[in-house]
Amino acid sequence: MSHGPRSGLAAVSSALLAMSRHLEVRDVLKTIVASARELLDAQYAALGVPDDHGGFAQFVVDGVSDEQWRAIGPLPRQHGILAAMLHEAEPERLADVREDPRFEGWPAAHPDLVDFLGLPIRDGEEVLGALFLANKRCPRPEGGCGFTEEDEELLSILAQHAAIALTNARLYERSRELTIAEERSRLAHELHDAVSQKLFSLRLTAQAAAALVDRDPARAKGELHQVAALAAEAADELRAAVVELRPAQLDEDGLLATLRTQIQVLDRAHTARVTFTANGVRALPATQEEALLRVAQEALHNALRHSGAAHVDVSVERRGNGAVLRVTDDGRGFDPTAVRRAGRHLGLVSMRDRASGAGGSLSVESAPGKGTTIEMEVPGG
């Protein structure tokens, strides 16, 4: 928290450089908000990116503790001053936001906001979001002081560069998503060409063995040996394809950044809230990072497609030299023993295989109506 405003070209330049340093949307938003609050010496700052349903796809605050934020409750809706900035795309500078006729109140745990300065973040005619500050840090003589015209000019500069940074971050994420989709399509074609030929040969050889079993057992035995060889070759082809499926961004960005990006995409694509936290995790060997990512993806798929969950939380934390992945949902849950008896696995066999292959372990806790927690632990290097 700053104890006085930073002013001058150096401070503005520092803030703009900080914005351009991040490529993930969430990191860009956090940097914009923190920079605005520090530069204009405000107690609180926030930035909202609207969705198409009267709410906010992203809402980032600075100056509010995690405990306060949890106590405040759900994200705000597009109403009052926020709606005015988004829909009218005009700045708002108020001596006391509570006295504005558009003011609609706030939750009991919400901090008191008095003087207020807000601007839309625009890319041409499109309003990308709203950036606002509250409670200017300055002596309050009779009549108050609040934000000035100079403050508004500075925030306007920051908002213009925020629009550029936010647009670039969105384009970067979209390009990564397209790259992933293109890579999956390419590998699907390669799998079809390589493995389907082996499986076709395997089927013909098995049919020949079946036809020879009664009249020429020796030849049938030879054909069955060929079936085994073809099956082994097909398995090798599949393993090679799986190795190639290691995401490029995992090599470039590491496990945490890759998970964070993918979870942000899932959070936008599904009605369920999908969140991610990480605590003290260091870089792990490639085998462990890939196994953790694949298990997280499988668990997320199950939670979002089958559980009916309203909230799915993914966390990765350090344990010794290794790490623990935990995927928890508040969905309908299931009986793991009944799933095994029914011959359905929900990807659990694959997840256990990945955990074992990385030298780790996997546990599943679930019960009907109680949600599900999948935990995977891997050692470090």
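Which residue in E10 is the bridge partner of Leu362? It is Met376, and point 4 returns to this pair.

1. Basis of the note. The structure is a predicted model, in which local features need pLDDT of at least 70 and side-chain atom pairs count only at pLDDT 80 or more, while totals for chains, interfaces and linings use all residues. Residues are numbered from 1 along each chain as its sequence is written, and side-chain values use heavy atoms, with hydrogens and water left out.

2. Overall composition. The protein has ten helices and ten strands; helices (H or I, at least four residues) and strands (E, at least two) are DSSP runs numbered from the N terminus. Of its 381 residues, 40% count as buried, where buried means under 20% relative accessible area, exposed over 50% and partly exposed in between, with a 1.4 Å probe and protein chains only. The accessible surface comes to about 20,200 Å², and 52% of it belongs to carbon and sulfur atoms; such areas come from the Shrake-Rupley method with a 1.4 Å probe, and for residues only the protein chains shown count as cover. Among contacts (heavy atoms within 4.5 Å) with a separation of 6 or more, 62% are between residues 24 or more positions apart.

3. Nonpolar cores. A nonpolar core is a set of buried Ala, Val, Leu, Ile, Met, Phe, Trp, Tyr and Cys residues joined through side-chain atoms within 4.5 Å. The largest has 35 residues, of which Leu259, Leu292, Leu325, Leu362 and Met376 touch the most other members. Elements that each supply at least two residues of this core include helix H7 (248-269), strand E6 (273-279), helix H8 (286-306) and strand E7 (311-319). Helix H8 gives the most, with nine residues. Leaving aside neighbours within four places in sequence, Leu259 is in contact with Phe276, Leu293, Ala296 and Val316. Apart from this core lies another, of 27 residues, among them Leu29, Val33, Leu39 and Leu117.

4. Leu362 and its bridge partner Met376 are both listed among the core residues that touch the most other members. In a regular strand the side chains alternate between the two faces of the sheet. In E9, the covered face holds Leu362, Val364 and Ser366, and the uncovered face holds Ser361, Ser363 and Glu365. Five residues lie between the strands of the hairpin, where Gly369 takes a positive phi near 80°.

5. Aromatic pairs. The structure holds four aromatic pairs. Rings of Phe, Tyr and Trp (its six-membered ring) pair if their centres lie within 6.5 Å; planes under 30 degrees apart count as stacked, over 60 as edge-to-face and the rest as tilted. Phe59 and Trp69 are stacked, at 6.2 Å centre to centre and 0° between the planes. Phe59 lies in strand E2 (residues 56-62) and Trp69 in helix H3 (residues 66-72), so this pair ties together parts ten residues apart in sequence. Phe59 is buried at 8% relative accessibility, whereas Trp69 is partly exposed at 26%. Phe59 also pairs with Phe132, with centres 6.5 Å apart and planes at 50°, so that pair is tilted. Because Phe132 lies in strand E5 (residues 126-136), the pair joins parts 73 residues apart in sequence. Phe132 is buried, at 10% relative accessibility. Ring pairs link Phe56, Phe59, Trp69, Phe116 and Phe132 into a cluster.

6. Salt bridges. The count comes to twelve, a salt bridge being a side-chain nitrogen of Lys or Arg within 4 Å of a carboxyl oxygen of Asp or Glu. Arg102 and Glu92 meet in one of them (2.9 Å, N to O). Arg273 forms a salt bridge with Asp267, with the closest N and O atoms 2.6 Å apart. In Arg319 and Glu377 the closest N and O atoms are 3.1 Å apart, and this pair links strand E7 to strand E10, 58 residues apart. Arg319, Arg326, Glu375 and Glu377 are linked in a network of salt bridges.

How values were computed
Two strands pair if DSSP finds at least two bridges between them.
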